[in-house]
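Here's a quick tour of the model, sorted by topic. Keep the viewer open as you read.

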Amino acid sequence: MSGQLLFAQGRRVSGTVLDNGDAPLPGANVQLKGTSTGTVTDADGKFSIQAQEGAVLVVSYIGYITQEVPVGTQTTLTITLKSAESSLSEVVVVGYGTRTKANLTGSVTTVSGKELTERPVPNVQNLLQGRVTGLDVIQSTGEPGRDDAAYQLRGFGSFGASNGPLILVDGIIGTIKNLSPQDIESVTVLKDAASSSIYGARAGNGVILITTKKGKAGSSEIEYSGSYGISEATRTPELITNSVQYMEMYNAARARSGQTPLYTQAQIDLYRNNSNNPQYPNFNWLDYVLGKGPIVNHHLGFSGGNEKTLYNVSFNYLDQNSITKGYLYKRYNGLIDFSSQIHKRVRIGTNLNLSFQDAKAPWLVNDDLLLLAYASAPTFMPFLPDGSGRATNRDFIGNGAGNRSVEEVYATGGQFTKTYNINAQAFAEIDILKGLKWISKAGLTFLNSQYKNRQFSSPSYAYQPDASGAYVQVANGNPTFSGLRQEEGRSITKTFFSTLNYTRQFGQDHNLGLLAGFEQQNNLTENIIGQRYDFPNTTIMVLDGSGANNQVTGGTASEWALRSTFGRATYDYKGKYFVEGNIRRDGSSRFGPDYRFGTFGGGSAGWRLSEEGFIRNTLSWVNNLKLRASYGVLGNQELGNSLVNGTSINGTYPYQDVLSLTAYPYSTLASGAQLTRLVTKDLRWEKTSMLDFGLDIDLFRGLFGATIDWYRRNTSDILSTRADLPSSVGLTPPIVNAGAMQNQGIELELRHRKSIGDFNYGVSVLFHKYNNKVTKLLAPTLGTIEVGQPYNNFFVYDWIGVFQSQAEIDNSPKQPSSGTLKPGDLKIRDVDGNGTVGPEDRIRISRFPKYNYSFNLNAGWKGFSLTAFFQGVQGVNTQTTGWGYEPFQQGSAPPIRFLNAWSPTNPSNTVPATYLTGYAGVAGYSSTYFIQDASYLRLKNLYLSYALNDKILKKIRLKGLTVYLSGDNLLTWTKYEGNDPERAGSGRFAQFPQLRIYTAGLSFKF
């Protein structure tokens, strides 16, 4: 009787989990099937758990096949897990739940936290580059604190609303940049519409799910990792820095435009005859501005718990100096994760992610700062040669300054930004019945940004003295204003969702899963600004430090809300046939009452042919062969909100009339109200439908593997500002459903891995190619935005050479130049052959790359590990102009290719004669002369590490110790002439470069 009572109440079951070689597996998960009750093995692979007779233990460990073990009447168990032949047993996070990789029917890719930590870079956002097929990660700058990457998944989806995927951290809206790589368990990317459709209106551009690390039962662990790195520019363009060459070429360019020389022969001779005198320098401004910047990173984590309570606490500190002067960037991250089994059916927990960023920078930053180095002539240096430390502005007194010098910017103020971010979550999980679980989670995302821009005057001088030998002040440092501008913005997003999840197995062959849920979100964004002038000194950083005369004040606010219901059903038969369906209905405040709600959904199916007898019994080397198909419809409501720095937020409620206060000019009324924009009352959701076919294959127990996907993505009712409204209307154009677009592409991932004794190696290759075209337009633009063409083509004249003589000009088709052509000007192709080069002869060139690719090589021997990661883009064109590409813009030094410029004695057919900015024979029209091939292949990362073996670790009482060396952006192969081909798109040639980083670090735990 007493024994029966004991079994009914449950008793303690203990055991050990081992691998194939009878070595203990620490951190293995042991869970009672059908419940949330579980534990984790300790450092010796041991566990203990309360279980009833008849209970089944589900034991899992990364890289091993999950095993179900009936308890029966046993009280002590020894469980041996077999190494997985592939990653099929891997648990993958999906929307509002998890699936095993073998059961997935959609296009889903997971990147482990371990992969992310093998590339130590300052911004975690950039770590996904080249890791996920179909995901383009575009980092436009290496400037500290501003090096955020833009994500684009499966092509360019919208030309009006956001193109970025939805990013969720543990199920709540967040950002990956506020996390430390060491805190990330995995990143899952939902690429096809069926997988993403559970998120409905927010998933039109895909979904990225970030899961943070949780505590594990057993002995507590303390883990530390630290690194020190040195950063420098990946590349520096070569400009003409010989002052005599510069001065003579400048005079020749002015003569070509009919202007008098800027430099006299006497001035040129001073530089020619005194080349070693600092008074007459040959100065390289890019070398001066671009130096080296140290990067320090520390991470400290505490984790552990028991079978009921788990915790994980971590802190991260980043201190990054820029490769240019005037920058100080520090970032502090904290993560607190706690959960507890307060009842056999109830688990509660909380997750708190904190981030603080403190950035000091010059008041001109990024490309705006770098172009000053391009715009400065080699004929003067940053400071006067008399050692006084006074900043310079130009070479000779009479030569008007083209722009500021970088030292003028450094001397006249700076900008200071403090950013606070909190992502706070609390959840409860309740096992209502066997197989039925209720999960509720509430989250708060808070962002506060405090910004100050302080500027003041500071004298600057001509580098060469006047006739009396005195240095003359010629400018005041050229600040944009003298005073303090202060802004503060905050954004609060509240989220609550609740789900019921039911899973049941019928017999041995049928598995059913059902999910139903509700979610509510709302956001409030506010911004205030104030600006005052004429402060008594340069150190006051408070607005009240000056009077209110001519002060500027302002403020904005916006709100939006989203309410949703959703559901999912999954079914599989014998682990061979799989179907899944998702549906979601969203209501958004951003649309009018009659168009507020939209229903989105998708379905997918999979067939594991490798489980069929005709393959399993005859082709045993085929470990996994699965066909997948999916289709779904998604939405996009992301019209964009701003937080700080004055970005427009008029997309928040685009269907509402907006009235602005204004003075009434025809009476004595003090103020009135006027309509400022047109609106579209019947504005509808932007919708994306996607068809996907996929193939997964693993051969010879993981020796070879491949994943292939083909997709067609159609976006309709694209939300964008109406482009054909004439300015004479006097009102801001409305946001409308402006058109439709299609992206069609293929994704390929190839894998190979092998072990030979103590040596192992692996190779993976990722490839993505897509074609973009516009399929419908409300207001087309000739040449650039047209139906049937890729979006936003270059529409330019085709440059075919340089005119060598007047006779060649006279015998060629009439050119598009508005000026008188001269030998040395560009020669443009007459496409239609009618004898005149006109607008009809312009050609279309796509901005989209032909394909993206990456490949990863890794090898290991005993404790040593080496990884080489390459990433590239092929067939991408970019249009660059201005400083550094064109000669003498605001006095900028020409690129060295102009040493081969056309002249009567140098009949170049590739470089035109030296010219001034705006010269009609070269820059009077847009041509392929300004379009460069920005294709590149880059050794993105090289990582070498050594981990101490268990024997040594036991002697020094550590659980792990790894030391490593890493290099980022080490080598680049490209034809691009600028700082870096990896850029956000066309625009200025002068850009803040990407960073090459050399890092040494270590990590240990005990």
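Predicted model: local features only at pLDDT ≥ 70, side-chain atom pairs only at ≥ 80, totals over all residues.

Buried here means under 20% relative accessible area, exposed means over 50%, and partly exposed is in between (1.4 Å probe, protein chains only). Residues are numbered from 1 along each chain as its sequence is written, and side-chain values use heavy atoms, with hydrogens and water left out.

**Salt bridges**

- A salt bridge is a side-chain nitrogen of Lys or Arg within 4 Å of a carboxyl oxygen of Asp or Glu, and a search of the whole structure turns up 46 of them.
- E232 forms one with K292, with the closest N and O atoms 2.4 Å apart. E232 sits in strand 17 (residues 218-233) and K292 in strand 18 (residues 292-305), so the pair ties together parts that are 60 residues apart in sequence.
- R99 pairs with E580, and the closest N and O atoms are 2.6 Å apart. Since R99 belongs to strand 9 (residues 97-100) and E580 to strand 30 (residues 577-588), this link joins parts that are 481 residues apart in sequence. R99 is buried at 17% relative accessible area, and E580 is buried at 14%.
- D586 and R584 also meet in a salt bridge (2.9 Å, N to O), and both residues are buried.
- There's a salt-bridge network too, linking R154, K191, R628, D692, D696, D709 and E747.

**Strands and sheets**

- Helices (H or I, at least four residues) and strands (E, at least two) are DSSP runs, numbered from the N terminus. Two strands pair if DSSP finds at least two bridges between them.
- Strand 19 (residues 309-320) runs antiparallel to strand 20 (residues 328-343) over 12 bridges, and V313 has I336 in strand 20 as its bridge partner.
- Strand 20 also pairs with strand 21 (residues 346-361), antiparallel over 15 bridges; these two form a hairpin with two residues between them. K330 finds its bridge partner, D358, in strand 21.
- Elsewhere, an open five-stranded sheet has the order 10-15-16-13-14, with mixed pairing. Strand 10 (108-112) and strand 14 (172-173) are at the edges with a single partner strand each, so one side of each has no neighbour in the sheet.
- Strand 10 and strand 15 (residues 184-190) pair antiparallel over five bridges, with T109 partnered by V189 in strand 15.

**Cores and helix 7**

- A nonpolar core is a set of buried Ala, Val, Leu, Ile, Met, Phe, Trp, Tyr and Cys residues joined through side-chain atoms within 4.5 Å. The largest one has 70 residues, of which Y246, F898 and Y929 touch the most other members.
- Helix 7 gives this core its largest share, seven residues.
- Eight of the 10 residues of helix 7 are buried, so the rest of the structure largely encloses it. Among the buried ones are L369, L370, L371 and L372.
- The cover over them includes helix 6, helix 8 and strand 51 (987-988), where contact means heavy atoms within 4.5 Å.
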